[in-house]
Every structure is written in structure tokens, then in C-alpha cells.
Amino acid sequence: MRMENKRMGKSIYELCSKIYPICRSITGDGVRRTIDIMNEFIDVSGAVLNTFEVPTGTKAYDWVIPEEWNIRGGYIETLDGKRIVDFNENNLHVMGYSVPVDTNMKLAELKDCIYTQKNQPDAIPYVTSYYNKRFGFCMSENKKNNLKDDTYHVVIDSELKQGSLTYAECFLEGESDKEIFVSTYICHPSMANDNCSGLALMAGLICRVAELKRRRYSYRFVVLPETIGALAYLSQDNHLELLKRNVAAGFNLSCVGDDNDYTIIKSRNGKTLADRVLANVLMDTGRYKEYSYLDRGSDERQYCAPGVDLPLVCFCRSKFGTFPEYHTSLDNMNFVSEKGFEGSFAVMGNVFDVLEINRVYKCSTIGEPQLGRRGLYPTISQKGNYDEVFPMRNFISYADGTMDLIDISERINCPISKLEQIIPKLVDGGIIGVAEKEGN
Ligand code: ZN
């Protein structure tokens, strides 16, 4: 598995670098092109992300799908034709959803349409204006301070039209209707960790799940623009009712490609299966940070909202908003790494594996079972011989038909990777059995 994780870390990084240059927004061709590239990647596994279009003007609960935005270019140039910034060099230079413009502007007037990050004078900030029609340029503070001419020529070759919002879904059926739900967002232009990383990791995870020989759960992967896309998705095709009925655990992927500590942002409820399984796997992995729902910021805001309330957590390495590169041109392919992806892929893979084997167990004897006559207790008493016996006896002590594997692992402070080796021996010995109904 370790070799497989390493190989996948490398291919996920390569996929990330392929989708990184594309200009995406909450609508438009960049979203479609990105999904096409993800599909080329997952094609080998036989799975596919099917795309769906929600027309401009469609209601999504309290929101309405906006006009579709596409852009071909944009620049600021001196009157003798010297380019100051060019969209084709870095698509962060044009504010997302900018209306078209082609005019000469006085410097003072132009400066009102320029956005910079004062405390990071070399970085280009990521700025959007989806719901107020305006145009703008983004550049480094240093570049802005170097503008000296009286008048500049500004051009944005963009288009807002009656079109649609695009989302995509890949459903992999399992033995149960109960499902694992994984979501990530696709609306950010050229930034690597936030959130080309989520898209690339999701493609890797789809391959992993598609290639499983046996799936107890069904798996649903969705890719959509943040906020408006999540609301559009929930409001379409009875998805809300379907997910409320079937989702056993859900995960929103955000900023999963860097090499820093892992992060869990807990669900609103805080104690769902998703909260428990991710915390359990991360505990086994090493250091991680935990945030409550008060620190939410991505699509968990919709998936955990009152009336939706899915058992869903957000998984990150560095949490959005906490790293200096966040929402700037510094969040580039140097900020993410093969190793970062390898780790995130391994964590989510372990999460799926644990969910697949998670059961409520019940001990079949009254009082402690006699392990010795089943060959489960060392017949020679010497230190070192008891490594497996203590967790085994602890496991039996809590297998009371009310706690699942994750609960017991946490309660007896023993990783599931270890319990996984013990349980088959106890089942074979007739000491414990599965107590739960199918589907958790
Ligand atoms: Zn973001």
C-alpha cells in the first residue's frame, strides 16, 4: 500500500499541475475543461464524472444561478503598447467575473479598479465580484506603486451570458444504499492548494474506490463551484432528500496538497461518523489540528446547515485562510508537493478502509472468555509476549453491542490498524460477532 500511495502522490501532483493553469470561476468553460482533464485521469479505472448544467436564473433555495462568465484575455498597457499586466501570463490579474471593458483610463481612476495585497507586496491577490457587476485588475503592490503614466489603456475581453453552472458527479454503487459522500470545489483559478489540490486528490480517490474488489458502501463524488454550486446541487433532482437518507459519512476536500499538519473541521453536530472516523485515522497518523464548526469556511457551510445537516467534515492539510500563500499567486505548484498528496491520499484511503470494516461487535460469552484454550493467550509468561493480549482483552471488554470499532479504538486507545489484526482471530474463535444491522 505504501508504494501505491507514493505512486499516486506523484500522479496526483502531475494532475494538479495540468489543471493549475486553467482559469476557473463559478461558471464557464474553465470548469468544463477541468472536469474533462479529471476524466482523462480516472478513465483508466472505468469510472467517470458525469457533468450536469443548471441554467442561469434557476433558483437554488435562497440563491439564483448567475449569468455564465467566460474570458479570453485582459490587460493594462501604456499608450505606446507596453503591457503592465496580462491575463494570459497569470489569470489572477483579472478580477473574477469582471465585465468587459476597452477604454483609456487616468491613473487615479484606474487605481480604484486595482486590487493588491499590501502586506505581501510581491503577491497577486485572488479577488472576485460575482454578484456586483464591475471590473477590476489584481497585481502586486510593488507593481501598482510603479505605475507612473498619466493614462493607461485597459482591456478585458470577457462575456456574461445566459448560460449555466456546471457540476459533476461520479457515483460508484456498493452493496448498501448507504453512501460515503465526497465533495470538492472547482471555482478557483490558478491556485494550487486552494483548490486544484482537492480536484486532483478527488480524481485519485475515485480511482482507488473504483478499483476496490468489494464495496460495502456506495460512494458519491461531486465537484462543484463553492457555495452556489453546493446549493445548486442540493436543490436539484431531490439530492437533498437522497443525501439526507443515505449519507453515512461525508467529506469536503480543501487545501490537501501542502506538506503541513492535517486538519479536521468538525461537523456542526461534532460527533458524527465522519468526525469520528477522520479523527481516528488522523490520531493514528500523527499530529493534526482540530477546528470546530465555528471555524467553517468551505462547503461544510451548506452541507451542515440547518435543514441539510449531513454528517460531514472538512479535511485539509493547512486550513484555508491560515497560510500566508492563501488566495494569492504564492499558492502555486511550489506550495504543494508529491509528498503532500501522498499523505492526503493515504489518509482518505484509510478513512474509506476503516468505514468499510467498521462494525458494532458483541462478545458472546458471559464474563471473560477463556483465551488460552483457543490459542489466543501466551502459554509462556514472559514480558513482550503480551503485546497483543492487552488490546485483545480490552477490545473484548468493550464489545458490548453498543460501541462500534471506532468507538472502541478510541476508548481503549488502540489504533484500528492493530485491532484489524486481532478481530478476525476473535471472530474465528467464536468469541465476538457483529451486532449491527447492515448499513450502519
Ligand atoms: Zn478559496
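Trainee: Which side chains meet in a salt bridge at 3.0 Å, N to O?

Mentor: Those of Glu68 and Arg32 do, where a salt bridge is a side-chain nitrogen of Lys or Arg within 4 Å of a carboxyl oxygen of Asp or Glu. Glu68 lies in strand β4 (residues 68-78) and Arg32 in helix α2 (residues 29-42), so the pair ties together parts that are 36 residues apart in sequence; helices (H or I, at least four residues) and strands (E, at least two) are DSSP runs, numbered from the N terminus. This is a predicted model, in which local features need pLDDT of at least 70 and side-chain atom pairs count only at pLDDT 80 or more, while totals for chains, interfaces and linings use all residues. Residues are numbered from 1 along each chain as its sequence is written, and side-chain values use heavy atoms, with hydrogens and water left out.

Trainee: Is Glu68 buried or exposed?

Mentor: Glu68 is buried, at 3% relative accessibility, given that buried means under 20% relative accessible area, exposed over 50% and partly exposed in between (1.4 Å probe, protein chains only).

Trainee: And which residues are linked with it in a network of salt bridges?

Mentor: The network joins Glu68 with Asp29, Arg32 and Glu53.

Trainee: New topic: where is Lys319 found?

Mentor: Lys319 sits in the loop between β16 (312-316) and α10 (338-357), and it is buried, with a relative accessible area of 9%.

Trainee: What does Lys319 touch, leaving out residues up to four places away in sequence?

Mentor: Lys319 touches Thr263, Ile265, Tyr291 and Asp295, a contact being heavy atoms within 4.5 Å.
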